[in-house]
Amino acid sequence: IYYDGATTAPKGSAGVRAITLGELSRISYEHTTAKESIEMLECLMAHSDELDPVTRRKASELYRDYERTHRVPIEEFVAHQQLCSEADSVWHEAKVKDDFSMFEPYLQKMFDSTKRMALYMEPDKRPYDTMLDNFERGLTASACDAFFDTLKKRLVPLMHKVVEHGDRVNDAPLRQSFPIAKQKELSSYLMDVMGIDRDHCILGETEHPFTTDFSKYDVRITTHYYENNFAASLYSVIHEGGHALYELHTGDELACSNLGRGASMAMHESQSRFYENIIGRSWEFCGLIFPFVKKEFSPLLDGVSDEEFYRMINKSSPSLIRLEADELTYCLHIMIRYRLERAMIDGSITAHDLPHEWNRLYKEYLGVDVPDDTHGVLQDSHWSGGSFGYFPSYAIGSAYGAQFMDAMRKDVDVDAVIRSGDLSPVVDWLTDKIYRFGMVKTPEQLIRDTCGAPFDPQFYVDYLTAKFTDIYGL
């Protein structure tokens with residue numbers, strides 16, 4: 001129902017969808033907290049030593065879900081789900097109309113409702129820590145602070161150096177008018193290059209690209225096309241395609257169970273950002289797809305060389321839109337959202353303050369002026385769906401991806417694989433190390449087992465430093 005609402009459903013159906021989703025959430029709540037469910041889970045937990053590891057993990061995750069859910073009053077639980085649907089519909093309209101005042105009351109209600117839900121679920125924890133934990137198990141605001149401090153210390157000075165030499169990369173040819181029909185053909189080509197199974201994955205269009213899955217056998221990705229920026233849809237397809245590959249390659253034995261999906265949102269974002277940037281913006285991948293791109297959009301890029309295309313695709317410059325941000329400045333967009341979420345949850349600002357605070361932080365962090373709310377505080381869909389605490393997953397996932405690439409290179413000649421046009425060895429390695437486990441392993445276990453060491457953001461910092469030092473000749 002959410003997928004339909006975000007893609008093809010008529011605008012006037014939003015109210016009925018909200019009621020429907022609210023009622024379905026009621027049914028889910030009743031099943032989760034039913035006497036029979038509790039008895040089953042308590043029995044399984046009491047005999048956990050007798051269970052095989054996968055069943056034990058299924059039971060513990062279900063029990064955790066019950067423990068958190070039953071603490072929330074059912075009417076509050078249902079009202080929250082209904083509010084999410086209503087707010088998302090209003091956000092879509094407010095973004096198109098550049099009218100934050102339409103969305104402001106819904107956004108304030110979303111923050112208030114999500115905070116109450118967090119306090120119900122884990123009354124002894126800070127609400128924002130509970131929200132972070134919803135997307136990355138064990139993540140706290142203090143851990144985020146340490147992570148972002150590491151990135152800021154190294155990447156902000158690098159960004160300033162790149163800005164000083166911004167004229168060394170000219171991406172003007174990418175800002176011409178590229179026919180949407182041709183962009184759709186490019187999207188289809190990219191899905192084939194990535195090895196995405198079209199029998200079980202389809203591409204749709206939406207305002208804000210996302211991926212959803214009903215099972216490993218039915219995965220939906222989406223994109224948004226801009227005539228004057230074909231790279232936006234190019235990389236949103238690759239990004240969402242990375243999410244899809246994860247879901248499509250979880251173990252068959254986990255399908256349709258509570259473990260049959262990615263281990264966490266940061267682990268999921270490690271795969272989407274891995275394909276979008278580490279693979280998709282590499283010299284080898286740009287060289288692989290450029291002949292197709294050049295031919296499809298001829299004569300627009302006829303005078304562009306392979307090397308120029310690679311440099312254009314990797315141009316770094318402070319910008320307004322997170323989805324279109326380059327690798328180097330991307331995490332600053334995330335830091336801004338992280339600061340605003342924390343401030344909203346601790347009550348130091350309200351929804352009414354968000355446009356001003358957003359614009360102030362964009363000037364402070366990125367040095368850019370925000371012209372309107374459509375290109376500012378209304379640009380992302382996450383808050384309209386209650387996904388507070390999600391944004392740090394993008395940055396942490398990006399850092400996971402760099403560490404995974406370091407480990408992969410010890411087993412696979414990645415550059416040669418990309419040049420060949422057959423990415424299956426990359427997918428096979430990720431399937432063996434990450435995808436097939438679904439939620440059986442925690443993110444911490446996956447990183448240790450795959451990389452032979454705990455998570456270390458230094459891999460990400462070193463990767464970005466080497467890449468942009470080379471591109472800009474620093």
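In this predicted model, α11 gives the largest share of the second largest cavity's lining, 4 residues. Helices here are DSSP runs of H or I with at least four residues, strands are E runs of at least two, and both are numbered from the N terminus. Because the model is predicted, local features need pLDDT of at least 70 and side-chain atom pairs count only at pLDDT 80 or more, while totals for chains, interfaces and linings use all residues. Residues are numbered from 1 along each chain as its sequence is written, and side-chain values use heavy atoms, with hydrogens and water left out.

**Cavities**

- A cavity is a set of points, on a 1 Å grid over the protein atoms alone, where a 1.4 Å probe fits but cannot get out; lining residues have an atom within 4 Å of a point.
- Grid points are joined across faces, edges and corners, and a volume is the space filled by probe spheres set on the points.
- By this rule there are 4 cavities of 30 Å³ or more.
- The largest cavity has a volume of about 70 Å³.
- Its lining consists of I1, Y2, G5, A6, R17, L21, S85, D88 and S89.
- Three helices, α1 (2–7), α2 (14–32) and α5 (74–97), each supply at least two residues of that lining.
- By class, the lining of the largest cavity holds 4 nonpolar, 3 polar and 2 charged residues.
- The classes are set as follows: Ala, Val, Leu, Ile, Met, Phe, Trp, Tyr, Cys and Pro are nonpolar, Asp, Glu, Lys and Arg are charged, and the others, Gly among them, are polar.
- The second largest cavity holds about 50 Å³ of space.
- R273, F274, N277, I278, E327, S398, Y460 and Y463 line the second largest cavity.
- Two or more residues of this lining come from each of α11 and α20 (458–472).
- The lining of the second largest cavity divides into 4 nonpolar, 2 polar and 2 charged residues.

**Second largest pocket**

- A pocket is an open set of grid points with protein on both sides within 12 Å along at least five of seven lines.
- The second largest pocket contains about 970 Å³ of space.
- Its lining numbers 38 residues, and N229, A232, L323, E324 and A325 lie nearest the centre.
- At least two lining residues come from each of α10 (230–248), α11 (265–279) and α13 (306–313).
- With 7 residues, α10 supplies the largest share of this lining.
- The lining of the second largest pocket counts 13 nonpolar, 12 polar and 13 charged residues.

**Sheet and the helix across it**

- An open sheet of 3 strands has the order β1-β3-β2, with mixed pairing.
- Its edge strands, β1 (201–205) and β2, each pair on one side only.
- From one strand to the next, the twist averages 20°.
- Two strands count as paired if DSSP finds at least two bridges between them.
- β2 (residues 211–215) and β3 (residues 218–223) pair in the antiparallel sense over 4 bridges.
- A hairpin of 2 residues joins β2 to β3, and T212 stands opposite R220 in β3.
- β1 and β3 pair in the parallel sense over 5 bridges, and G204 has T222 in β3 as its bridge partner.
- α10 lies across β1, β2 and β3, running at about 165° to β3.
- Axes are lines fitted to C-alpha atoms, for helices over the stretch in contact, and angles run from 0 to 180 degrees between N-to-C directions.
- Contact means heavy atoms within 4.5 Å.
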